[in-house]
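Hi,

Here is the structure I promised to pass on, with my notes below it. Have a look at the model first, then read on.

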Amino acid sequence: MAKEAANGENHSTTKPPPNPSPLRSAKFFQANMRILVTGGAGFIGSHLVDKLMENEKNEVIVVDNYFTGSKDNLRQWIGHPRFELIRHDVTEPLLIEVDQIYHLACPASPIFYKYNPVKTIKTNVIGTLNMLGLAKRVGARILLTSTSEVYGDPLVHPQDESYWGNVNPIGVRSCYDEGKRVAETLMFDYHRQHGIEIRIARIFNTYGPRMNIDDGRVVSNFIAQAIRDEPLTVQSPGTQTRSFCYVSDMVDGLIRLMQGNNTGPINIGNPGIVIPNCHRDDHNDVNTDLGFSHAGEFTMVELAENVKELINPKVEIISVENTPDDPRQRKPDITKAKELLGWEPKIKLREGLPLMEKDFRKRLGIHRTN
Ligand SMILES: NC(=O)c1ccc[n+]([C@@H]2O[C@H](COP(=O)([O-])OP(=O)(O)OC[C@H]3O[C@@H](n4cnc5c(N)ncnc54)[C@H](O)[C@@H]3O)[C@@H](O)[C@H]2O)c1
Ligand SMILES: O=c1ccn([C@@H]2O[C@H](COP(=O)(O)OP(=O)(O)O[C@H]3OC[C@@H](O)[C@H](O)[C@H]3O)[C@@H](O)[C@H]2O)c(=O)[nH]1
């Protein structure tokens with residue numbers, strides 16, 4: 001019987017998970033925790049690896065096909081005795097022995113996941129099936145990085161985990177959002193049917209150093225544009241909102257979820273703090289809405305204005321055409337993360353943007369002149 005609480009409920013299983021390796025209970029040999037990170041050469045994955053490697057009791061194995069990730073993100077660990085890097089596509093089976101699996105492998109930026117949509121859905125469905133098969137064979141606990149995109153173009157705001165979403169099943173984003181929805185279904189079916197220990201994080205927009213400069217997502221686009229003196233391209237109408245979480249907060253949330261007792265799904269993102277009657281003068285990163293402020297949800301025009309003010313006040317902001325099915329609003333309800341994981345984000349957007357600017361300037365070789 002699986003012990004974890006899913007959405008506060010218990011699910012019965014038909015079969016207990018396999019016993020852990022005898023090495024786990026060996027008297028004289030204390031094995032390290034072997035942790036697999038799929039997609040570990042990517043943006044969030046490589047920061048997660050950094051954090052996991054800080055613990056000397058962890059051995060970290062990364063598998064990645066380098067579609068959007070890069071060995072460069074892991075260069076400080078290559079050759080380290082507790083670290084292994086394997087070029088592998090998760091759509092193919094993987095036979096290794098591990099205790100935990102953080103399953104991140106999947107292109108996350110819309111321009112990359114739409115580039116080869118059939119491959120994206122294979123990665124989400126076959127890739128997740130393969131990782132669940134591995135978890136089942138070796139009795140590992142597995143965490144899936146799902147997404148706020150499972151809520152589609154949400155009709156409920158902010159989004160809590162009980163909301164089933166408003167998703168177009170045949171649209172250009174479906175390979176990703178429907179793919180992640182199937183991945184969540186597979187996780188719960190393996191949990192109920194085979195007793196696999198699962199964890200599901202629904203990640204909201206995350207930003208920080210190491211994002212690909214040409215990643216295509218909004219924060220990296222605006223920062224790269226501001227540094228290069230190019231106009232900031234706000235996709236119309238510009239009133240669509242997102243809530244942005246700094247990557248170190250995200251990694252902390254993922255590790256807490258993996259180590260805790262709740263299956264999730266649990267939203268991990270930065271909704272900001274709701275401060276009644278607070279105005280822009282009182283808080284730098286607060287957008288004022290009828291005297292009711294939320295410092296974490298930004299329209300794309302507001303995000304562009306923040307980037308302009310912080311990074312390059314001379315840069316122009318222009319409106320460009322949008323792509324179909326762009327969600328109009330997005331902000332997480334993180335009550336569950338607070339209550340069940342004791343987690344909430346610490347870094348505000350205006351603190352995170354300069355950290356990312358520093359990293360982008362270094363990689364672009366463009367110094368700040370003012
Ligand atoms: N960054 C965000 O805002 C965000 C939001 C919601 C969910 N997520 C999820 O978090 C995870 C990581 O996202 P990210 O922002 O770090 O993206 P990313 O593109 O930087 O990282 C994804 C990694 O997966 C690898 N990959 C892709 N397909 C693969 C395959 N078939 N086999 C093996 N490796 C493969 C890529 O090469 C890359 O290293 C993804 O699952 C994504 O869906 C991210
Ligand atoms: O240059 C740009 C890029 C994007 N945008 C806008 O910025 C908003 C955010 O777009 P992004 O491409 O950064 O990311 P999205 O929020 O659409 O999707 C993200 O959601 C959560 C994760 O699963 C993924 O990382 C990604 O799919 C959209 O409204 C988009 O229209 C711009 O205004 N200008």
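By class, the shell around ligand 1 in this predicted model holds 13 nonpolar, twelve polar and four charged residues. In that count Ala, Val, Leu, Ile, Met, Phe, Trp, Tyr, Cys and Pro are nonpolar, Asp, Glu, Lys and Arg are charged, and the others, Gly among them, are polar. The shell has 29 residues, with Asp64, Thr68, Leu104, Tyr176 and Lys180 the closest; a residue belongs to it if one of its heavy atoms lies within 4 Å of the ligand.

Two sentences on conventions. Residues are numbered from 1 along each chain as its sequence is written, and chains are lettered from A and ligands numbered from 1 in the order in which they are written. Because the model is predicted, local features need pLDDT of at least 70 and side-chain atom pairs count only at pLDDT 80 or more, while totals for chains, interfaces and linings use all residues; side-chain values use heavy atoms, with hydrogens and water left out.

Ligand 1 first. For polar contacts I used pairs of N or O atoms within 3.5 Å; within protein, one must be able to donate a hydrogen and the other to accept it, and residues adjacent in sequence count only if both atoms are side-chain atoms. A backbone N or O atom of isoleucine 44 sits 2.8 Å from an oxygen atom of ligand 1. On its own ligand 1 has 820 Å² of accessible area, and the protein covers 97% of it (Shrake-Rupley method, 1.4 Å probe; for residues, only the protein chains shown count as cover). Helix H1 (43-53), strand E5 (141-147) and helix H4 (174-194) are the elements that give two or more residues to this shell. The largest share, three residues, comes from E5. Helices (H or I, at least four residues) and strands (E, at least two) are DSSP runs, numbered from the N terminus.

Now ligand 2. Around it are 23 residues, of which Tyr176, Thr233, Gln235, Arg242 and Asp326 come nearest. They divide into eight nonpolar, nine polar and six charged. A polar backbone atom of alanine 108 is 3.1 Å from an oxygen atom of ligand 2. From the side chains, a polar atom of arginine 173 lies 2.7 Å from an oxygen atom of the ligand, and an N or O atom of asparagine 322 is 3.4 Å from an oxygen atom. The protein buries 95% of the 670 Å² that ligand 2 exposes when taken alone. Helix H2 (110-113), helix H5 (218-227) and strand E8 (232-235) each give two or more residues to the shell.

What about the protein as a whole? There are nine helices and 16 strands. Of the 370 residues, 54% are buried, meaning under 20% relative accessible area, with exposed over 50% and partly exposed in between (1.4 Å probe, protein chains only). Residues 24 or more positions apart account for 78% of the contacts with a separation of 6 or more, where contact means heavy atoms within 4.5 Å. The protein exposes about 17200 Å², and carbon and sulfur atoms supply 52% of that.

A few residues to look up as you browse:

- Glycine 39 is in the loop between strand E1 (33-38) and H1. It is buried, at 13% relative accessible area, and touches Gly45, Val63, Asp64, Leu104 and Ala105, not counting residues up to four places away in sequence.
- Asparagine 58 belongs to strand E2 (residues 58-64) and is buried, at 9%. Its side chain reaches the backbone oxygen of leucine 52 at 3.0 Å.
- Isoleucine 223 lies in helix H5 and is buried, with a relative accessible area of 0%. Leaving aside neighbours within four places in sequence, isoleucine 223 is in contact with Val307, Ile311, Leu353, Met356, Glu357 and Phe360.

Lastly, H4: its end C-alpha atoms are 28 Å apart, which agrees with the 30 Å that its 21 residues should span at 1.5 Å a residue (the expected span is 1.5 Å times one less than the number of residues). Glycine 195, with a positive phi near 75°, follows H4.

Best wishes
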